[in-house]
Amino acid sequence: MWQDTIQSVIEHFENKLTASKLRVANAEKSAADAPGAMQSWSDKSKDELTQLAAALKKDIAGLENTIKELKNISLHPPKGNKISIGSLVKIATSNGEKDLYFISPELGGDIVNSKNQNISFFILSAKSELGKALLGKQLNDEILFNNEK
């Protein structure tokens, strides 16, 4: 189960990486084709597209780092009962809802559907406030998050 979960997360981030690289290429091409300051002093699209490409390249670096870390984690699954990066965690809230989270080393914020397990889970960054609160916890531990247990 765990290996399928981490593979689903890796595939998800690899798909995002491919899409981001395509967006960078499109932004760079559009920037190259846009009129420069000498052609149109009021058209800022060349500068804006260049800035967009630079921002997307930062996203790509984060995706590449996350994928690299996840591939390393896939070779060394989390051991024991403590929540760590790579853990799949079910959280019961005070109102009885149960949510499933995968603890990612860097990036999060997406929902992934695991192909072989017919489950969906939220990718949670270990750097997020909730991620930090969960790391090191064990089964049946309680955490306080947003003034809620």
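Among contacts in the protein between residues at least 6 apart in sequence, what share joins residues at least 24 apart? Here it comes to 49%. Bear in mind that this is a predicted model. The protein has three helices and four strands, and along the sequence they run α-α-β-β-β-β-α. Of its 149 residues, 33% are buried.

**The helix pair**

- Helix α1 covers residues 2-33 and helix α2 covers residues 45-75.
- The two pack against each other with their axes 8 Å apart, at an angle of about 160 degrees.
- Anything over 145 degrees counts as roughly antiparallel, so that is the label α1 and α2 get.
- As for handedness, α1 and α2 cross in the left-handed sense.
- Sort the residues where α1 meets α2 by class, and you get 19 nonpolar, seven polar and nine charged.

**The nonpolar cores**

- In soluble globular proteins, nonpolar side chains tend to end up buried together.
- The largest nonpolar core in this model has 17 residues.
- Within that core, the members touching the most other members are Ile-6, Val-9, Phe-13, Leu-70 and Phe-102.
- At least two residues of this core come from each of α1, α2 and β4 (119-125).
- Helix α1 is the top contributor, giving seven residues.
- Take Ile-6 and skip its neighbours within four places in sequence: what is left in contact with Ile-6 is Leu-70, Ile-73, Ser-74 and Phe-102.
- Another core, of ten residues, lies apart from the largest one, and its members include Ile-83, Ile-91, Leu-124 and Leu-130.

- Thr-5 sits in helix α1.
- Is Thr-5 buried or exposed? Its relative accessibility is 0%, so Thr-5 counts as buried.
- With neighbours within four places in sequence set aside, the contacts of Thr-5 are Leu-88, Phe-102, Gln-117 and Phe-121.
- Phe-102 turns up in the contacts of Thr-5 and also in those of Ile-6.
- Thr-50, for its part, belongs to helix α2.
- Thr-50 has a relative accessibility of 45%, and therefore counts as partly exposed.
- Which residue is 22 places from Thr-50 along the chain, with 6.5 Å between the C-alpha atoms? That one is Glu-28.

- Ser-120 itself is partly exposed, because its relative accessible area is 40%.
- Not counting residues up to four places away in sequence, Ser-120 touches Leu-100, Ile-111, Val-112 and Asn-113.
- Ser-120 and Asp-99 are 21 residues apart in sequence, and their C-alpha atoms are 9.3 Å apart in space.
- Past helix α3 (129-134), you'll find Asn-140 in the segment that follows.
- Asn-140 counts as exposed, since its relative accessibility is 70%.
- How far apart in sequence are Asn-140 and Ala-92, and what is their C-alpha to C-alpha distance? They are 48 residues apart in sequence and 9.6 Å apart in space.

Conventions. Residues are numbered from 1 along each chain as its sequence is written. This is a predicted model: local features need pLDDT of at least 70, side-chain atom pairs count only at pLDDT 80 or more; totals for chains, interfaces and linings use all residues. Side-chain values use heavy atoms; hydrogens and water are left out. Axes are lines fitted to C-alpha atoms, for helices over the stretch in contact, and angles run from 0 to 180 degrees between N-to-C directions. Angles under 35 degrees count as roughly parallel, over 145 as roughly antiparallel, 65 to 115 as roughly perpendicular and the rest as oblique. A crossing is left-handed if the near helix is turned anticlockwise from the far one by less than a right angle, and right-handed if clockwise. Ala, Val, Leu, Ile, Met, Phe, Trp, Tyr, Cys and Pro count as nonpolar, Asp, Glu, Lys and Arg as charged, and the others, Gly among them, as polar. A nonpolar core is a set of buried Ala, Val, Leu, Ile, Met, Phe, Trp, Tyr and Cys residues joined through side-chain atoms within 4.5 Å. Buried means under 20% relative accessible area, exposed over 50%, partly exposed in between (1.4 Å probe, protein chains only). Contact means heavy atoms within 4.5 Å.
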